[in-house]
Amino acid sequence: MKKIFGWFLLILMPALIAAQTDGTIVERTPCPAYAGGTYEQYVEAARAGYVRRIEESKKEGIKMEMPADFSKRVLSKEEFEKRAAYVSNIDCQRIKYMSDNLKVAGYIWKPKNTDGKKLPVIIFNRGGNREQGKLSAWTAFGFYYFVSNGFVVIGSQYRGADGGEGKDEYGGADARDVMNLIPLAKSLDFADTKNTFLLGNSRGGMMAYLALKNKISVNAAAVSSGVTDLFGNAQDHPDYITNIYQPLIPDFDKRRDEAMRERSAVYWADKINVPVLIMHGGADERVGTTRSLAFAQKLQESGKTYELIIYAGDDHNLTLNRTDSDRRVLEWFKKYLK
């Protein structure tokens, strides 16, 4: 009986090991139906958010004002309704996948009809930390702009968030959660992984740059309001030390400078070896615009391919220029399609 059980384990072992391979999807659930509000509710929510950021900016000594034509700077009613209607054509899946033997939560957005198709892939890196800023099923209308233009979008919540295992390390071991989306994408029969791109905002910019530093296989990257200098961010916002760095970064008090430098792309811009589109709001209240300017200067000195767009007077979320920034990202990625 013991011999039979032993042989049984030997037969099953390869399957058990394969099931734990990085990038393996171990749970997959359809997203709930989209239940968006009205256009008027959207505009009001956007306005309220912008007002909050104006107040935040004042505390930081940044001049930021409510544009008189605010309602014309966000999505038009026609565009809002077009995006809301298109949602029915998007297949959204909430997943859990393996990363360092942890089950990490994430999402996949794709067109519903992918039969016989191989679509380019965007790996999206969210901002925030822990549960703050995490992805939802219909973030950006299910990434309407990119899915409707023939891309698959895959995003990680990073370990420790949204029911995922492990702990957010703010650019430590959790950077591998991004790297492991590459083998995940390769397992999808509709994904053209020869055309893979990185997109990130805020903390997600830091995660994108870390992935590039670790030689992730992508054609190009685009980052908005990206974190590139933890020292500079802490100088602008001292509370980041106590609220983010100390609670999340392992052994932070013992190796403070080393840990911050490891996560700050401005110190290793020479490691960025794909074309990068950098976008930033000129009145960013959370990540100073000068951080992207300094990073771009380092890329320039290293002879790298990049493009830098500063949206004068705009906030951390590029609220006033979201349509234009999405258009620029799409054009940037299409430019580097193989």
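Which residue of S5 is the bridge partner of Val121? In S5, that partner is Val152. The structure is a predicted model, in which local features need pLDDT of at least 70 and side-chain atom pairs count only at pLDDT 80 or more, while totals for chains, interfaces and linings use all residues. Residues are numbered from 1 along each chain as its sequence is written, and side-chain values use heavy atoms, with hydrogens and water left out.

Strand S4 (residues 119-125) and strand S5 (residues 152-156) are joined in the parallel sense by five bridges. Here strands (E, at least two residues) and helices (H or I, at least four) are DSSP runs numbered from the N terminus, and two strands pair if DSSP finds at least two bridges between them. S4 and S5 belong to an open sheet of nine strands with mixed pairing, in the order S1-S2-S3-S5-S4-S6-S7-S8-S9. S1 and strand S9 (306-311) are the edge strands, each pairing on one side only. On average, neighbouring strands of this sheet are turned by 20 degrees against each other, direction ignored. For such angles, axes are lines fitted to C-alpha atoms, for helices over the stretch in contact, and angles run from 0 to 180 degrees between N-to-C directions.

Helix H5 (residues 140-147) packs on the sheet and touches S2, strand S3 (102-111), S4, S5 and S6, where contact means heavy atoms within 4.5 Å. The direction of H5 makes about 55 degrees with that of S3. H8 also packs on the sheet, touching S4, S6, S7 and S8, and its direction makes about 135 degrees with that of S6.

Strand S7 (residues 220-224) is mostly covered, as five of its five residues are buried; buried means under 20% relative accessible area, exposed over 50%, and partly exposed in between (1.4 Å probe, protein chains only). In a regular strand the side chains alternate between the two faces of the sheet. Ala220, Ala222 and Ser224 point one way from S7, whereas Ala221 and Val223 point the other way. Strand S6 (residues 191-201) runs parallel to S7 and is joined to S7 by five bridges, with Phe197 opposite Ala220. From S6 the chain crosses through helix H8 (residues 203-213) to S7 in a right-handed β-α-β crossover; right-handed means that, with the strands pointing away from the viewer, the path from the first strand over the helix to the second runs clockwise. S7 is also parallel to strand S8 (residues 276-281), with four bridges between them, and Leu277 in S8 is the bridge partner of Ala222.

A search of the whole structure finds one disulfide, a term for a pair of cysteine sulfur atoms within 2.5 Å. The disulfide is formed by Cys31 and Cys92, with sulfur atoms 2.0 Å apart. Cys31 lies in the loop between strand S1 (25-30) and helix H2 (39-59), and Cys92 lies in strand S2 (residues 90-99), 61 residues apart. Both Cys31 and Cys92 are buried.

The structure holds 19 aromatic pairs. Rings of Phe, Tyr and Trp (its six-membered ring) pair if their centres lie within 6.5 Å; planes under 30 degrees apart count as stacked, over 60 as edge-to-face and the rest as tilted. Phe80 and Phe141 form an edge-to-face pair, 5.6 Å centre to centre with 80 degrees between the planes. This pair links helix H4 (residues 77-86), which holds Phe80, to helix H5, which holds Phe141. Phe80 counts as buried because its relative accessibility is 6%, and Phe141 counts as buried at 11%.
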